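Please look through the structure shown below before reading on.

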Amino acid sequence: HSENFTDNKEKLHEKALLLRNAKSVVYCSDSSEIENEIETNYPSFKKYNWSQKKDAFVKITEVINSSRHCSVKFIFDRKEYETEIPFTDAASFENCMNAMVASLALNGKAEEIILKPSQLLPVEMRMEQLEGINNCLLINDSYSSDKDSLSIALDLLNQQKHYSKKTVILSDIVQDKTAEEKLYSEIISLLNEKKITRLIGIGNQILKYSNEFK
């Protein structure tokens, strides 16, 4: 989604225009950029927010990750509930929370709603975890091609503590309008930070910077 936007602030403002004829909004108030956009341009909206840091319509009190799912405790309408989300990556977690908060805003029956997230199935090519040969785990995240998606995928990869070696297969980044040299410099730093063992690069752009990778 970053293609053709100069930065995240411009992208956020454009996406927020989708709200202009609405009366209410569901969002995570832990993002100051999102909260500022809504407070500044849509102050009259009914706000259904969720947060891990402060009081909100849904206040998350604890998140416990395992290898394939996470347990989430939260407070809604002054009662504590617990649900299980069958994903551990940040993007899927945020999507699930937005959907659950929207359901609570529309329905309010928390006892029914908390049973639903565990029934979700992964979307193909979006943080899809597959069993590979030789006791390998494959994480297929070819749905998007930008630096932010790569960072989230690498975080999910690093959650797999029982694998000592990590290989990334990366094609040219085509959906990110960051200047090419700066973009690949940031990707190199990201791969170093995440302690990737091996990189397989595919494409003319990434080939130009091959000597700069470890």
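Two strands are said to pair if DSSP finds at least two bridges between them. With that in mind, take β3 and β4, which form a hairpin with four residues between them. Seven bridges join β3 to β4, and the two strands run antiparallel. What you see here is a predicted model.

β1 and β2 (residues 46-51) run parallel and are joined by five bridges. Within this pair, V26 stands opposite Y48 in β2. β2 and β3 also run parallel, with two bridges joining them. Here W50 stands opposite V58 in β3. The antiparallel pairing is found between β3 and β4.

Stepping back, the chain has seven helices and nine strands. The C-alpha atoms of the chain fill a box of roughly 55 × 40 × 25 Å, taken along the principal axes. Of the 214 residues, 36% count as buried. The accessible surface of the chain comes to about 13,600 Å², and 49% of this belongs to carbon and sulfur atoms. Contacts can also be sorted by distance along the sequence. Among those between residues at least 6 apart in sequence, 46% join residues at least 24 apart.

How many salt bridges does the structure hold? There are seven salt bridges. One of them joins E35 and K54, with the closest N and O atoms 2.9 Å apart. This pair links distant parts of the chain, since E35 is in helix α2 and K54 is in the loop between β2 and β3, 19 residues apart. Is E35 buried or exposed? E35 has a relative accessible area of 19%, so it is buried; the cut-off for buried is under 20%. K54, at 35% relative accessibility, counts as partly exposed.

Another salt bridge joins the side chains of K147 and E186, at 3.1 Å from N to O. This pair, too, links distant parts of the chain: K147 is in helix α5 and E186 is in helix α6 (residues 180-193), 39 residues apart. E186 counts as partly exposed, at 25% relative accessibility. K147 and E186 are also linked with K182 in a network of salt bridges.

Helix α6 takes part in another such link. K208 in helix α7 (residues 204-208) and E180 in helix α6 are 28 residues apart, and the closest N and O atoms of their salt bridge are 2.8 Å apart. K208 is exposed, with a relative accessible area of 57%, whereas E180 is partly exposed, at 24%.

The surface has other places to look at. I169, I200 and I202 form a nonpolar patch there, with about 280 Å² of accessible area together. Of these residues, I200 lies in strand β9 (residues 198-202) and is partly exposed, with a relative accessible area of 35%. K161 sits in the loop between α5 (147-158) and β8 (167-171). Because its relative accessibility is 71%, K161 counts as exposed. From C-alpha to C-alpha, K161 and C28 are 29 Å apart in space, and they are 133 residues apart in sequence.

Definitions and conventions. Residues numbered from 1 in each chain as written. Predicted model: local features only at pLDDT ≥ 70, side-chain atom pairs only at ≥ 80, totals over all residues. Heavy atoms only, no water. Patch = residues over 30% accessible without salt bridge, like charges linked within 9 Å, V, L, I, M, F, W, Y side chains within 5 Å. Areas by Shrake-Rupley, 256 points an atom, 1.4 Å probe, with all protein chains shown as cover. Salt bridge = Lys/Arg side-chain N within 4 Å of Asp/Glu carboxyl O. Buried < 20%, exposed > 50% of the residue type's maximum accessible area, 1.4 Å probe, protein only. Contact = heavy atoms within 4.5 Å.
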